[in-house]
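Please look through the structure shown here, which is a predicted model, and follow its parts in turn.

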Amino acid sequence: ASDVLAKISNLIYILAALILFIALVNLRPSLRVSPIPITGAPLITSGIYKWLRHPMYLSVMGFATGMAAGHLTYISIALWCLLLIVLILKARLEDQLLRNIHPEAIAYQRRTTLIKRNRG
């Protein structure tokens, strides 16, 4: 069972790293660690951001999931849940700040959630 979890964990790490790399390349003109947008930076809605609104947060959760799967304990599950809550709150703050700066962010956020949904 631990071999299976290790393989799953490694696969999750690879996917998370790939998502993170693509997001960093796409976000380059607006890249910042803080959720507070850079003044004058464009709203990025292309590349991976066409499909995922917060791919860097998703990749962080992917790394955390890989770590939790590789070392499954009550503490790792609790820390995973805590990280999820923090990233959800951070994403909500970032979305609000982007709406304040970029009027087009409202339409972008309506059509692009964690995974893009088709709306008729």
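F21 is exposed, its relative accessible area coming to 54%, and this residue belongs to helix α1. Its C-alpha atom is separated by 22 Å from that of L98, a residue 77 places apart from F21 along the chain.

L98, for its part, is a member of the largest nonpolar core, which has 11 residues and also takes in A23, L27, L43, I44, I48, Y49, L52, M56, A105 and Y108. At least two residues of this core come from α1, and at least two come from α4, the helix spanning 105-111. In soluble globular proteins, nonpolar side chains tend to be buried together.

P55 leads on to helix α2, where it is buried along with M56, Y57, S59, M61, G62, A64, G66, A68 and A69. The buried residues of this helix pack against α1 and α3. As for its geometry, α2 has 16 residues and reaches 22 Å from its first C-alpha to its last, close to the 22 Å expected at 1.5 Å a residue.

Side chains of opposite charge can pair when their charged atoms come close. The model has 1 salt bridge by the rule applied here, in which a side-chain nitrogen of Lys or Arg must lie within 4 Å of a carboxyl oxygen of Asp or Glu. The partners are D95 and R53, whose closest N and O atoms are 2.8 Å apart. Because D95 lies in helix α3 (residues 74-101) and R53 in the loop between α1 (2-27) and α2 (55-70), the pair ties together parts that are 42 residues apart in sequence. Are these two residues buried or exposed? D95 has a relative accessibility of 7% and therefore counts as buried, and R53, with a relative accessible area of 15%, is buried as well.

The mean pLDDT of the chain is 89, and 93% of the residues score at least 70. Confidence in the chain is lowest in α1, with a mean of 91, and highest in α3, with 94, where these values refer to the helices. Over residues 116-120, by contrast, pLDDT stays under 50, and the model has 6 contacts beyond four places in sequence for this stretch. Where pLDDT is low, the predicted coordinates should not be read in detail.

Note on methods. Residues are numbered from 1 along each chain as its sequence is written. This is a predicted model: local features need pLDDT of at least 70, side-chain atom pairs count only at pLDDT 80 or more; totals for chains, interfaces and linings use all residues. Side-chain values use heavy atoms; hydrogens and water are left out. Helices (H or I, at least four residues) and strands (E, at least two) are DSSP runs, numbered from the N terminus. Buried means under 20% relative accessible area, exposed over 50%, partly exposed in between (1.4 Å probe, protein chains only). A nonpolar core is a set of buried Ala, Val, Leu, Ile, Met, Phe, Trp, Tyr and Cys residues joined through side-chain atoms within 4.5 Å. The expected span of a helix is 1.5 Å times one less than its number of residues. Contact means heavy atoms within 4.5 Å. pLDDT is the predictor's confidence in each residue, from 0 to 100.
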